Amino acid sequence: MIQHSERRYTSEDYWKLPEGKRAELIDGKFYDMAPPGFVHQKLVAKLTRVIGNHVEAKGGGCEVMPAPFAVNLNADDEKWVEPDISVICDREKLSERGCEGAPDFVIEVVSPSSRKMDYAKKTVLYLDAGVREYWIVDSLKGRTTVYRFEEDVAPIIFPFGEDITVGIYGDLEINMGKLLE
């Protein structure tokens, strides 16, 4: 993660980034985002499809948005992140700029350059912002760390190959091992 100078950046700076430049703005600092790899994108694509198909089949009102998609976590213009997948069930939070407030469910697929950010900084950000459920999918370690913040702040770790129930739905199970077959 490359961090820019000590200058405090604002939402205005975020929206002035050059076309195609991906970065997140957290507490006045920019964090560059490296391009994702094949396994990362395969997981994001399949997870988006599985969750989206479930929402559609159930007639749900949630939107499933893969990155790049801007999320202003506290709707305060100070924290702009791009989760790999955001599930937003309150359509009032959606605008032309992205999501204005915490999504209900966030998934981050770990890349070598995002490991520390996904496991440490973003866990606290998502908890504090009011995200209901947060998954960290780690293909290098073959596991998914699941936080169900409404129930407890302690994570549950699922090895790839084990079914994981999506907490915000209850009737959707996802198996990362099967998604990678």
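Start by selecting leucine 25: it stands opposite phenylalanine 30 in strand 2. What you have open is a predicted model, where local features need pLDDT of at least 70, side-chain atom pairs count only at pLDDT 80 or more, and totals for chains, interfaces and linings use all residues. Residues are numbered from 1 along each chain as its sequence is written, and side-chain values use heavy atoms, with hydrogens and water left out.

**Stop 1: the hairpin**

Now widen the selection to strand 1, residues 23-26, and strand 2, residues 29-32, which run antiparallel and are joined by four bridges. Strands here are DSSP runs of E with at least two residues, while helices are runs of H or I with at least four residues, and both are numbered from the N terminus. Look for alanine 23, whose bridge partner in strand 2 is aspartate 32. Two residues lie between the strands of this hairpin, and aspartate 27 in the turn has a positive phi of about 55°.

Which way do the side chains of strand 1 point? Ala23 and Leu25 go one way and Glu24 and Ile26 the other way, and all are buried. Buried means under 20% relative accessible area, exposed means over 50%, and partly exposed is in between (1.4 Å probe, protein chains only).

**Stop 2: the sheet**

Next, select strand 5, residues 79-81, which pairs with strand 1 in the antiparallel sense over two bridges. Two strands count as paired if DSSP finds at least two bridges between them. Isoleucine 26 has lysine 79 as its bridge partner in strand 5. Zoom out, and six strands form an open sheet with mixed pairing, in the order 2-1-5-4-8-7. Strand 2 and strand 7 are the edge strands, each pairing on one side only.

**Stop 3: the cores**

Select Ile51, Ile107, Trp135, Ile174 and Met176, the residues with the most contacts inside the largest nonpolar core, which has 24 residues. Such a core is a set of buried Ala, Val, Leu, Ile, Met, Phe, Trp, Tyr and Cys residues joined through side-chain atoms within 4.5 Å. Two or more residues come from each of helix 2 (38-58), strand 6 (85-88), strand 9 (105-109), strand 10 (133-138) and helix 4 (176-179). Which element gives the most? Helix 2 does, with five residues.

Center on isoleucine 51: leaving aside its neighbours within four places in sequence, this residue is in contact (heavy atoms within 4.5 Å) with Val64, Val87, Phe105, Ile107, Tyr169, Leu172 and Ile174. Apart from this core lies another, of 20 residues, including Phe69, Val71, Cys99 and Ala129.

Then pick serine 86 in strand 6. Is serine 86 buried or exposed? With 0% relative accessibility, serine 86 counts as buried. Beyond its neighbours within four places in sequence, its contacts are Glu63, Val64, Met65, Phe69, Val71, Pro103 and Phe105.

**Stop 4: the cysteines**

Finally, show the cysteine sulfurs. Counting pairs of cysteine sulfur atoms within 2.5 Å as disulfides, there is one. The disulfide joins cysteine 62 to cysteine 89, S to S 2.0 Å. The torsion about this S-S bond is about 95°, so the disulfide is right-handed. Cysteine 62 is in the loop between helix 2 and strand 3 (63-66) and cysteine 89 in the loop between strand 6 and strand 7 (94-95), so the pair ties together parts that are 27 residues apart in sequence. Cysteine 62 is buried, at 13% relative accessible area, whereas cysteine 89 is partly exposed, at 29%. Cysteine 99 is in no disulfide, and the nearest cysteine sulfur, that of cysteine 89, is 10 Å away.
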